[in-house]
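Welcome, and thanks for taking a look at this one. Here is a short briefing to read alongside the structure.

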Amino acid sequence: MQISGHCQCGNISFNLECSPGPTGVPARACVCSFCSVHKCVWTSFADAKLAVQIQNREWLERHTFATETAEFHICKQCGDVPFVTSLIDGNLFAAVNVNVLQGLSPGFLQRAQVDFEGEGLDARLERRRQAWIADVTITDTLSSVA
Ligand SMILES: [Zn+2]
């Protein structure tokens with residue numbers, strides 16, 4: 001199925017192609033300091049395809065902290081955090097924030113709370129490698145015009 005998502009102001013949008021199966025879309029509420037404050041609830045499918053479009057890169061802020069292996073992409077205009085990426089061995093992996101997904105019925109979300117504090121770096125990267133979206137493209141819509 002195709003799921004679209006965008007930040008409130010639409011500066012960052014994406015299309016997610018995935019096959020959730022009957023149990024629905026996993027929605028992992030991360031309890032870390034960043035995700036709690038920004039109310040990030042993540043989903044990802046290893047076999048999904050994510051195509052991100054960014055209208056104005058000047059409104060995009062990237063935030064890293066702690067192990068600095070994940071980059072949170074924040075829209076400076078509206079404050080939403082539509083997706084997060086992690087570069088592992090030269091491959092870009094991503095997870096998307098279910099709060100910016102459009103047209104999904106809440107009942108289709110399989111909510112869980114996750115706490116990765118104390119997880120070692122290797123385990124962290126291995127978890128992302130297995131669970132995060134491995135097919136990620138990020139396109140600037142403005143630069144293609146300029
Ligand atoms: Zn925005």
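Before the sheet is described, one term is needed: two strands count as paired if DSSP finds at least two bridges between them. By that rule, seven strands form an open sheet with mixed pairing, in the order E6-E7-E8-E9-E4-E3-E10. Please keep in mind that this is a predicted model.

**Overall picture**

- The protein holds 2 helices and 11 strands.
- Read from the N terminus, the elements follow the pattern β-β-β-α-β-β-β-β-β-β-β-α-β.
- The radius of gyration is 15 Å, which agrees with the value near 15 Å for a compact globule of 146 residues.
- The C-alpha trace spans about 45 × 35 × 30 Å along its principal axes.
- Of the 146 residues, 32% count as buried.
- Among contacts with a separation of 6 or more, 67% are between residues 24 or more positions apart.

**The sheet and the helix across it**

- As background, strands of a sheet pair through backbone hydrogen bonds, in either a parallel or an antiparallel sense.
- Strand E6 (residues 60–63) pairs with E7 in the antiparallel sense over 4 bridges, and Leu60 stands opposite Cys75 in E7.
- E7 also pairs with E8 in the antiparallel sense, here over 3 bridges; Glu71 has Thr85 in E8 as its bridge partner.
- Helix H2 (residues 121–131) lies across E8 and E9 and runs at about 115 degrees to E8.

**The nonpolar core**

- The largest nonpolar core has 32 residues, and those with the most contacts inside it are Leu50, Phe83, Ala94, Ala95, Val96 and Ile133.
- Each of these strands supplies at least two residues of this core: E2 (12–17), E3 (25–30), E4 (41–43), E5 (49–54), E7 (71–75), E8 (83–88) and E9 (91–97).
- The largest share of this core comes from E9, with 4 residues.
- What does Val96 contact once its neighbours within four places in sequence are left aside? Its partners are Gly5, Phe14, Leu16, Thr43, Ser44, Leu50, Pro82 and Phe83.
- Two of those partners of Val96, Leu50 and Phe83, are also listed among the residues with the most contacts inside the core.

- Ala112 is found in strand E10. Is Ala112 buried or exposed? Ala112 counts as exposed because it has 10 C-beta neighbours inside 10 Å, and the cut-off for exposed is 12 or fewer.
- Ala112 touches Pro26 and Arg28, not counting residues up to four places away in sequence. Ala112 and Pro26 are 86 residues apart in sequence, but their C-alpha atoms are 7.6 Å apart in space.
- Lys39 is located in the loop between helix H1 (33–38) and E4. There are 11 other C-beta atoms within 10 Å of Lys39, so this residue is exposed.
- The C-alpha atoms of Lys39 and Ala29 are separated by 7.8 Å, and the two residues are 10 residues apart along the chain.

**Loop residues with positive phi**

- Glu68 has a positive phi, near 55 degrees, and is not a glycine. Where is Glu68 found? Glu68 lies in the loop between E6 and E7.
- With 7 other C-beta atoms within 10 Å, Glu68 is exposed.
- Asp89, also not a glycine, has a positive phi of about 50 degrees. The place of Asp89 is in the loop between E8 and E9.
- How many other C-beta atoms lie within 10 Å of Asp89? There are 7, so Asp89 is exposed.

Methods. Residues numbered from 1 in each chain as written. Predicted model: local features only at pLDDT ≥ 70, side-chain atom pairs only at ≥ 80, totals over all residues. Rg over C-alpha atoms; globule rule 2.2 N^0.38 Å. Buried ≥ 20, exposed ≤ 12 C-beta atoms within 10 Å, placed from the backbone. Contact = placed C-beta atoms within 7 Å. Core = buried A, V, L, I, M, F, W, Y, C linked by C-beta atoms within 7 Å. Axes fitted to C-alpha atoms, helices over the stretch in contact; angles between N-to-C directions.
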